[in-house]
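Have a look at the model first.

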Amino acid sequence: MKLQKDAGRGDMGAPKRIRYKAMRYVLIGDDMFYRMLEGLLLNCLGPVESNRLLHEVHEGTCGTHQSAHKMKWLIRRSGYYWPTMLEDCFKYYKGCQAC
Ligand SMILES: [Zn+2]
């Protein structure tokens, strides 16, 4: 996910819940990463990229029409993250004609 460099003026004034969540995210250059508890960094994807990845994981070259939970597991294992990934996996899974 790309962020504008001058977008944030710090987290002053943001609700505690948001600030707590923001602590899990790291910016490296223009790319945003999500920090796992083990310190592993996952590449954060925007809506377009995540949709492409859902398609690839579910019915792409290595896709075998996996269940939503398996899809999420595969995506995280590949080093990608976005906040609504499980929800999106379910949506994609339910919307698949072949399944
Ligand atoms: Zn399917």
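**Labels and their cut-offs**

Tyr25 stands opposite Tyr34 in E2. This is a predicted model, so local features need pLDDT of at least 70 and side-chain atom pairs count only at pLDDT 80 or more, while totals for chains, interfaces and linings use all residues. Residues are numbered from 1 along each chain as its sequence is written, and side-chain values use heavy atoms, with hydrogens and water left out.

Q: What makes E1 and E2 paired strands, and which way do they run?
A: Two strands pair if DSSP finds at least two bridges between them. Four bridges join E1 to E2 (residues 31-35), so the pair qualifies, and the two run antiparallel. Strands here are DSSP E runs of at least two residues, helices are H or I runs of at least four, and both are numbered from the N terminus.

Q: Why do E1 and E4 count as edges of the sheet?
A: The open, mixed sheet has the order E1-E2-E3-E4. E1 (25-28) and E4 each have a single partner strand, so one side of each lacks a neighbour in the sheet.

Q: How do you know which atoms are donors of the zinc ion?
A: Donors are N, O and S atoms within 2.8 Å of the metal (3.2 Å for Na, K and Ca); water is not among the atoms, so sites may look incomplete. His58 (NE2), His65 (ND1), Cys96 (SG) and Cys99 (SG) coordinate the ion at 1.8 to 2.4 Å, so they pass. Their spacing in sequence is H-x6-H-x30-C-x2-C.

Q: Is Cys96 called buried or exposed?
A: Buried means under 20% relative accessible area, exposed over 50%, and partly exposed in between (1.4 Å probe, protein chains only). Cys96 has 9%, so it is buried. Cys99, at 46%, is partly exposed. Cys44 is buried at 2%, and Cys89 is buried at 0%.

Q: What puts the buried residues of H3 on the same side?
A: Ala68, Met71 and Ile75 are the buried residues of H3 (residues 68-77). They cover an arc of only 55 degrees around the axis, so they share a side of H3; the arc is that of the directions from the helix axis to the C-beta atoms. The face turned away from that side carries the exposed His69 and Arg77.
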